[in-house]
Each structure stands twice: as C-alpha cells, then as structure tokens.
Amino acid sequence: MTSRPYFQQSAQLLETLSSEDVATALLNISKASYSKVSDERINTLMKHIKVVGGHVMGSAHSRSALRTKIHSLCFNLGLPSLFVTINPADIHSPVALYFAGVDLDLDRVLPEVLRTSYERAQIIATHPVATAKFFNCLIKSILKCLVLGSVIDPTKAYFGTHEYTPAQLKENIQNQDFRDNLLKYLEDVVKEDLDLFRDQTNDGTSTASDISVSIQETGPITGEVVPACLSTPNPTSDDFHRIFCKDVVRLVETSNIHKHSATCYKYSKGKSDTSKTCRMRMPRVLVKTSNIDLATGQITMRRSHPWINNFNEWLISAC
Ligand SMILES: [Zn+2]
C-alpha cells in the first residue's frame, strides 16, 4: 500500500485525525439512519481499512471483496445454475477422527473405534487443526469429484477455485474427441425435454404389481400433495427405473415448465409489448441434435420442448 501513488497524500491527511474526530464520527454513525460521514478524512481512513481488510481472511471486508468477485462473475457469465451448500458433519466423519489422531482403519471402520457421538464431538473440538484439515480435504474432494469430476463437470465457471477456466474449455473444444465427449456428458447431465423419460414410463406390458406400483408411487396428481413434496422413489424397488422416470415426468410437468410472469420482463420496462423479451429466453428454439459452434464456443443442446426449464433428473427427483 505504501508504494501506491495516493499513499503520501492519504498519510498526510490521516495524520491530522485525532481520536476525538474518530469518536465524533462513530457517535454520528450510531445516531444516523445511514452511515454517511461528512469528514473527508474519516472516509479516506475507512477506504484504506477496507482495502487492507479485503486481504484479511474471514474479515467483513474480505467477505465484501468476495461478494464483489461473485457479482463480477455473474455479470460476465450470467447467474449460477447451481447453488451448493456443503456443511460437513465432522463429528460423524471417520476421516476427521483419523486426522485427529484416532487409530482406525478407514477401509474397515468398526463401531467400537468410532466411540460415542459425545466423545467424537470432544475429539473434534480439541483438534481444530485436524478439523480444518478434514474440511479442506473434503471440499477439495468435492470440487475434484463432483464439480470437476463426473457429476456436474464441466462447469462454465465456479466460485472458489480456478483450476478450469472457460478459456481452456474454448481451446479444448477445437478437438473433435473432446467435443463429442463434452456433448455426450452435457446430454447426460442436462435435460431439456422429457423424451428419454416418457419412453421409459410405458413398456407396453401391464402386470398386477405394475398397477399397485402406479397407485402407490404415482397416484393421481390432483390430490393435496404437490409432486415436489412426495418422497423420492426408492432405488431398491424392483421397478425403480420406470417409477423414477414417471416421477421425473410428473415433477417436470407440474413444476418445471416455464410460464411468463412479471419478472420475465423486469428489464423490458418501457418497451412496447411486441418488443418485450422474456429474460429466461423462453420459449426456446427446438434443436434436433446438440452441437457446438467452433468459432464462438456456443453450445446448443438438443430440445424437443419449447417451455421446459433445463433440469437434471437425479437432482430434480432427489431435491
Ligand atoms: Zn418468461
């Protein structure tokens, strides 16, 4: 900071500040309904504290700096598609205990080694470094396996790490294999219509168990409970795949089809009705086969329904 051109001038200004000036400013801030300070010197001081504080991890200013970065990312690439909150249960994790020095075989964890939850909480509380190490290890694994790995990768961008940038992606799509795999992956993760699920819900055969399943799992949707509140199909059911597909179809049809609302046009104020466009870009153009534009890097996914919001069948069913 001392090497910055404005430092000398700011330092001279701040030198004239007395503790009384600061006390007066604090008093005024506490009285005012908003924190406008008229003393130029106090504002300069606050500005510099903010800059320095932005580099202090965990401080209010560093959080504010992170928010600015997130906003920039949103302006640049659009709003995030996924918000993920990860809250690791360290007191239930054998890995955290292992880091805290508990002698256990991670491949074969026995109940007696795990001890009671009270004892585990005690171990975790007395080993903050091990707990931080566990958190770091877990978050890194999630980023590696879920974000960069096979579940939601490839990502256009994600906040918090910087291993895979959009620029790299744009470079890689010049490669045919990469392109094919990317589209295959995207088609696997992102669905824009129900073709794949409708085909699976009726195999042409109807048995007694079939009927009981359809009553139990996919009864009439005119009842009280909205499909989104029903439980996720049980993966151990014999007919899971079909029940799952029915669940997906029902969820999408009832809760995932776009209907224009005032919010669609919040940026079209003042425009005539004919020039207003839905900011969710609905209805969407139908696309026969997914493709990538080599020059722009734009990815267009196959879609046979103009109004369905993109979804992932596993997430929509599980959430
Ligand atoms: Zn709309």
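Colleague: Arg281, buried or exposed?

Modeller: Exposed, because Arg281 has 10 C-beta neighbours inside 10 Å. Bear in mind that this is a predicted model.

Colleague: Where is Arg281 found?

Modeller: In the loop between H13 and E1. Most residues other than glycine have a negative phi.

Colleague: What joins Met282 and Pro283?

Modeller: A cis peptide bond, with omega at about -5 degrees. Most peptide bonds are trans. Pro283 is found in the loop between H13 and strand E1, which covers 291-292.

Colleague: Stepping back, how many helices and strands are in the protein chain?

Modeller: The protein chain has 14 helices and 2 strands. Of its 319 residues, 10% are buried. Among contacts with a separation of 6 or more, 60% are between residues 24 or more positions apart.

Colleague: Which residues make up the largest nonpolar core?

Modeller: There are 10 in all: Leu194, Phe197, Ile243, Phe244, Cys245, Val248, Leu251, Val252, Ile308 and Phe311. Helix H13, residues 240-255, gives the most to this core, with 6 residues. Another core, of 7 residues, lies apart from it and includes Leu97, Phe99, Ile124 and Phe134.

Colleague: And what does Ile308 touch, not counting residues up to four places away in sequence?

Modeller: Ile308 touches Glu192, Asp193, Val252, Asn256 and Ile257.

Colleague: Back to H13. Is Asp247 there buried or exposed, and why?

Modeller: Asp247, which is found in helix H13, is buried because 23 other C-beta atoms lie within 10 Å. The cut-off for that is 20 or more.

Colleague: How are the C-alpha atoms of Asp247 and Phe197 separated?

Modeller: By 9.2 Å, with the two residues 50 apart along the chain. Phe197 is one of the residues in the largest nonpolar core.

Colleague: New topic, H1 and H3. At what angle do their axes cross?

Modeller: Roughly 125 degrees, and the axes come within 9 Å. H1 is residues 7-15 and H3 is residues 40-53. That angle makes H1 oblique to H3. The crossing is left-handed.

Colleague: Which residues meet there?

Modeller: On the H1 side, Ser10, Leu13 and Leu14; on the H3 side, Arg41, Thr44, Leu45 and His48. By class, the contact has 3 nonpolar, 3 polar and 1 charged residues.

Notes
Residues are numbered from 1 along each chain as its sequence is written. This is a predicted model: local features need pLDDT of at least 70, side-chain atom pairs count only at pLDDT 80 or more; totals for chains, interfaces and linings use all residues. Helices (H or I, at least four residues) and strands (E, at least two) are DSSP runs, numbered from the N terminus. A residue is buried if 20 or more other C-beta atoms lie within 10 Å of its own, exposed if 12 or fewer, and partly exposed in between; C-beta atoms are placed from the backbone. Two residues are in contact if their C-beta atoms, placed from the backbone, lie within 7 Å. Axes are lines fitted to C-alpha atoms, for helices over the stretch in contact, and angles run from 0 to 180 degrees between N-to-C directions. Angles under 35 degrees count as roughly parallel, over 145 as roughly antiparallel, 65 to 115 as roughly perpendicular and the rest as oblique. A crossing is left-handed if the near helix is turned anticlockwise from the far one by less than a right angle, and right-handed if clockwise. Ala, Val, Leu, Ile, Met, Phe, Trp, Tyr, Cys and Pro count as nonpolar, Asp, Glu, Lys and Arg as charged, and the others, Gly among them, as polar. A nonpolar core is a set of buried Ala, Val, Leu, Ile, Met, Phe, Trp, Tyr and Cys residues joined through C-beta atoms within 7 Å.
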